[in-house]
Amino acid sequence: MSTVLFGTQQVHDYHSALGFPVYTESLKALRASTPRTVLTWVTRSNMRALDHLLPVLVREKVERWSLAPVPTAGEIDAVAPRLALAAPRVLHALTRAERQGIEVSLLAWPLCLLGPYATRARRTEAQSFGSACETCAARSACPGVSTVYRDRFEGDEFRARDAVSIDVSEGPTWRAEPT
């Protein structure tokens with residue numbers, strides 16, 4: 001069983017029509033299920049506050065936390081962050097969460113932006129790639145980005161990297177669209 005949290009109450013309420021109390025109640029309901037999993041769509045407004053969500057996850061005994069860039073189907077500038085700017089903050093939150101005993105998975109992040117944390121990536125549907133991806137040894141495992149994102153930013157953040165093995169056996173299976 002799982003739920004979606006964008007951040008602490010102020011950040012979450014900004015993004016979701018269903019208020020923070022609804023989601024914290026669903027977290028309490030998750031206590032009876034195993035594993036307790038939370039998905040956070042990373043946006044321009046919550047990428048700087050991911051650390052502030054950790055006390056909520058710890059208090060609610062969340063076991064798995066998945067972080068994914070917010071899907072970009074339409075107006076990209078309003079919500080979606082530049083992935084190269086968001087990735088360091090996501091990786092910092094990942095490190096802190098793992099120190100708290102929370103298993104973290106990264107969904108739909110281009111592998112070249114994850115550095116040594118690429119092993120935390122989970123396979124998602126492949127989308128679109130930039131020109132730098134043509135020679136990338138990790139392309140077969142990489143989800144790339146949405147076509148809207150690639151067209152807006154022209155793939156200038158991507159760099160070819162060494163091959164990486166992605167865990168496909170376990171982990172949450174999320175669709176690339178917010179609920």
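I take buried to mean under 20% relative accessible area, exposed to mean over 50%, and partly exposed to mean in between (1.4 Å probe, protein chains only). I also take helices (H or I, at least four residues) and strands (E, at least two) as DSSP runs, numbered from the N terminus.

**Ground rules**

I am reading a predicted model, where local features need pLDDT of at least 70, side-chain atom pairs count only at pLDDT 80 or more, and totals for chains, interfaces and linings use all residues. Residues are numbered from 1 along each chain as its sequence is written, and side-chain values use heavy atoms, with hydrogens and water left out.

**Entry 1: the whole chain**

I began with the overall layout. The chain has six helices and five strands. I read their order from the N terminus as β-α-α-β-α-β-α-α-β-β-α. Of the 179 residues, 47% count as buried.

I then looked up contacts, meaning heavy atoms within 4.5 Å. Among contacts with a separation of 6 or more, 69% are between residues 24 or more positions apart. The surface came next, by the Shrake-Rupley method with a 1.4 Å probe; for residues, only the protein chains shown count as cover. The chain exposes about 9000 Å², and carbon and sulfur atoms supply 50% of that area.

**Entry 2: helix H5**

I turned to H5, which spans 83–99. H5 has 17 residues and reaches 24 Å from its first C-alpha to its last. That is close to the expected 24 Å, where the expected span is 1.5 Å times one less than the number of residues.

Which residues of H5 are buried? I listed Leu83, Ala86, Ala87, Val90, Leu91, Ala93, Leu94 and Ala97. Their cover includes S2, H3, S3, S4 and H6.

I also checked Glu98, which sits in H5. Glu98 is partly exposed, because its relative accessible area is 29%. Leaving out residues up to four places away in sequence, Glu98 touches Val104 and Arg120. Glu98 and Arg64 are 34 residues apart in sequence, and their C-alpha atoms are 9.6 Å apart in space. Just after H5, Gly101 takes a positive phi of about 85 degrees.

**Entry 3: strand S2**

For pairing, I require at least two DSSP bridges between two strands. S2 and S3 pair in the parallel sense over six bridges. Val42 stands opposite Pro69 in S3. From S2 the chain crosses through H3 to S3, and this β-α-β crossover is right-handed. By that I mean that, with the strands pointing away from the viewer, the path from the first strand over the helix to the second runs clockwise.

**Entry 4: strand S3**

S3 is mostly covered, with six of its six residues buried. I noted Arg64, Ser66 and Ala68 on one side, and Trp65, Leu67 and Pro69 on the other. Ala68 is the bridge partner of Trp41. S3 also runs parallel to S4, joined by four bridges. There, Leu67 has Leu106 as its partner in S4.

**Entry 5: the nonpolar cores**

I define a nonpolar core as a set of buried Ala, Val, Leu, Ile, Met, Phe, Trp, Tyr and Cys residues joined through side-chain atoms within 4.5 Å. The largest one has 39 residues, and Trp65, Trp109 and Leu111 touch the most other members. S2 (37–42), H3 (50–59), S3 (64–69), H5 (83–99), S4 (103–107) and H6 (147–153) each supply at least two residues of this core. Which of the elements gives the most to this core? H5 does, with eight residues. Another core, of six residues, lies apart from it and includes Leu39, Val70, Ala80 and Leu107.

**Entry 6: positive phi**

Most residues other than glycine have a negative phi. Lys61 has phi near 55 degrees, and lies in the loop between H3 and S3. Ala108 has phi near 65 degrees, and lies in the loop between S4 and strand S5 (121–122). Is Ala108 buried or exposed? Ala108 counts as buried, because its relative accessibility is 15%.
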